[in-house]
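Hi everyone, thanks for making time for this one.

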Amino acid sequence: MDATVITFETAGLARGTRVTIALGVIALGFGVWSFLLGPTEIPARALFAGLFDGHGAAGIVAQQIRFPRAVLALLIGAALGGSGAALQGLFCNPLAEPGVTGVTSSAGLGAVVALYFGAAAVHPFALPAMAVAGALACAAVLYLLSRSGAGMVALILAGVAIASFATALTALALSFSPNPYAMSEIVLWMMGSIKDRTLSDVAYAFPLIAAGIALLLSTARGLDALSLGEDAARSLGINLAGVRGRVVLGVALATGAATAAAGAVSFVGLVVPHLLRPFYGHQPARIILPSALGGAALVTVADVGLRLIAPDGQLLLGVVTALLGAPFFLWLIVKMRRQS
Amino acid sequence: MNAVVLDQVSVRFGARKALDGVSATLSAGCVTGIVGPNGAGKTTLLRAALGLQPLAGGSIRILDRSLPAWSRADLAKAAAYLPQGGEARWPMLAHDVVLLGRLPHRGLLGAPDVRDRSAAADALARCDAGEFAARRMDELSAGERARVLFARALATGAAILFADEPAAFLDPAHQLRLMELMREEARRGSAVAVTLHDLSLAARHCDEILVLHEGALTACGVPADALSDATLARVFQVARTDGLGALRRL
């Protein structure tokens with residue numbers, strides 16, 4: 001009896017580990033491909049050399065254009081995938097993702113305010129700072145609600161309310177926008193893109209997203225225990241307010257930075273955890289890291305794909321993920337209805 | 001030994017008194033049945049005793065230490081709790097669900113070790129659920145899931161075991177097996193408290209019975225005393241019929 005259980009369990013773990021490694025390899029492989037891909041024909045060796053020494057045209061292209069784009073795709077995907085997995089675990093709801101909690105919309109609002117008041121033109125870090133501040137403000141409201149003992153439903157409804165509020169304020173900023181240039185900036189922002197990003201985007205995105213994902217990973221035990229319900233989780237020694245706080249803060253940092261760098265890239269946090277869950281025995285704790293890797297792989301694959309299809313840059317990343325993600329979202333709802 | 005001592009415990013939900021000055025003692029090595037009509041405060045009593053419910057008054061001692069002095073992590077090792085109608089919200093494998101009962105014993109980053117795995121396998125086997133170990137929770141029937149969830153609480157190996165309506169979805173044979181398991185835990189030295197709606201099951205298998213009625217403890221003691229005809233009539237509006245321990249409505 002014992003022996004069969006243990007053998008079975010080891011086999012399950014091994015499969016999960018294999019999938020995790022495969023996701024990492026895919027993410028890295030497409031990251032390298034993304035780095036090598038672009039309108040300027042430069043040999044791979046020159047690009048890699050340029051990345052490290054920065055000499056000549058190859059150095060500029062490698063350091064200023066290709067590297068930021070490739071790294072940002074990986075970072076943003078990891079932030080959104082990891083955030084989605086943690087939020088779904090927290091809410092015990094496979095439909096939860098950064099968008100549902102209002103974090104993306106609030107980060108977008110922060111960015112739009114920065115653009116609208118011209119702060120983005122004054123200092124390059126004003127835009128990400130405002131986006132993260134927006135995400136944190138939303139996260140703080142969610143955190144206070146969770147501290148006052150509001151349940152999962154209340155938290156999700158609060159997220160919906162915040163998302164609507166942020167979207168309304170964003171629309172307000174749009175209609176008051178003084179010049180058509182700010183308007184087009186905002187519109188482009190809302191579509192989500194990692195075109196023409198620089199190393200300074202990587203400079204803030206990397207530490208914020210790394211810190212966010214580390215926070216999310218630290219909640220693994222709590223999320224597993226929460227699958228038995230709130231009372232059972234507390235009786236298993238879990239500090240629920242702490243788990244909620246860390247998830248909300250981690251999501252705010254990761255998603256805020258990702259939105260600052262790329263605008264609204266939707267549905268990654270929804271699709272990736274859902275696809276990966278069966279490989280990890282549906283355990284919330286075990287899918288956070290794989291979802292981060294899977295998100296990095298998905299966004300990088302999508303970015304490479306849209307550049308292969310439309311090299312002139314007509315396709316925006318956020319548009320592509322929404323085109324693929326929204327039907328998936330509907331299919332998921334239909335499937336859940338059929339099951340229940 | 002007194003494992004759990006409740007002293008004048010009161011709980012309020014708004015204006016309503018869910019528990020009104022309840023004093024009771026749960027002893028180690030004893031199976032205590034908590035019975036009462038719907039809304040009598042059975043679940044609130046268990047939740048309050050584990051610090052899951054803020055008190056409006058009174059105090060609680062667990063293993064000779066006052067409840068506020070316990071850290072959540074230490075209390076989780078000492079007391080296992082099976083909530084009412086518990087579910088696993090994700091379609092996890094039964095074995096993984098039972099392993100969650102070992103969370104209090106695992107380090108911060110700890111993967112389950114051999115002891116955790118054998119405790120989980122043992123608990124599953126004792127609940128007659130070993131054959132489900134590798135199956136997903138959503139593929140099991142409600143009764144089978146209930147057995148897996150009870151195994152989860154057993155796997156903790158705590159000195160105190162609280163189970164809220166664990167018999168709800170079980171067939172008669174497994175209800176008896178459940179009561180046997182609680183007896184085994186009590187023999188091991190645990191204090192076991194269980195809420196039950198089946199009064200004959202409670203009378204036959206519990207050492208002590210607490211009868212709750214509208215938030216107050218109206219009777220307690222050995223089953224023959226606590227579940228007297230007068231109490232049955234007053235609290236439950238039922239009476240014993242002749243033979244088979246069956247009840248009829250009054």
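Before the strands, a word on terms: two strands pair if DSSP finds at least two bridges between them. Helices (H or I, at least four residues) and strands (E, at least two) are DSSP runs, numbered from the N terminus. With that in hand, B:Ile62 stands opposite B:Arg65 in β5(B).

Now the ground rules. This is a predicted model, where local features need pLDDT of at least 70, side-chain atom pairs count only at pLDDT 80 or more, and totals for chains, interfaces and linings use all residues. Residues are numbered from 1 along each chain as its sequence is written, while chains are lettered from A and ligands numbered from 1 in the order in which they are written.

On confidence, the predictor gives the complex an ipTM of 0.91 and a pTM of 0.88. pLDDT is the predictor's confidence in each residue, from 0 to 100; chain B has a mean of 91, with 96% of its residues at 70 or more.

Strands β1(B) and β2(B) are joined over 8 bridges, and B:Arg12 has B:Lys17 of β2(B) as its bridge partner. On to β4(B), residues 57–62: this strand pairs with β1(B), residues 2–13, over 5 bridges, and there B:Val4 is partnered by B:Ile62. Strand β4(B) also pairs with β5(B), residues 65–66, over 2 bridges. What sits between β4(B) and β5(B)? A hairpin turn of 2 residues, in which B:Leu63 has a positive phi of about 45°.

The other sheet in chain B is open too, with 6 strands in the order β6-β7-β8-β3-β9-β10 and mixed pairing. Strands β6 (79–82) and β10 (216–221) of chain B each have a single partner strand, so one side of each is left without a neighbour in the sheet. The twist averages 15° from one strand to the next. For angles here, axes are lines fitted to C-alpha atoms, for helices over the stretch in contact, and angles run from 0 to 180 degrees between N-to-C directions.

Strand β6(B) runs parallel to β7(B), residues 160–164, with 4 bridges joining them, and B:Ala80 stands opposite B:Leu161. Helix α1(B), residues 42–49, packs on this sheet, touching β3, β7, β8 and β9 of chain B, at about 150° to β8(B). Helix α6(B), residues 172–187, touches β3, β7 and β8 of chain B, and makes about 155° with β8(B). Touching here means residues in contact, that is, C-beta atoms, placed from the backbone, within 7 Å.

Over to chain A. The axes of α3(A), residues 56–91, and α14(A), residues 288–309, come within 6 Å and cross at roughly 140°. Angles under 35 degrees count as roughly parallel, over 145 as roughly antiparallel, 65 to 115 as roughly perpendicular and the rest as oblique; α3(A) and α14(A) are therefore oblique to each other. Residues making this contact include A:Gly77 and A:Gly81 of α3(A) and A:Gly294 and A:Ala297 of α14(A).

Finally, where the chains meet, the contact takes 29 residues from chain B and 24 residues from chain A. Elements giving two or more residues on the chain B side are α2 (72–78), α3 (94–99) and α4 (114–126). Happy to take questions!

Methods. Contact = placed C-beta atoms within 7 Å.
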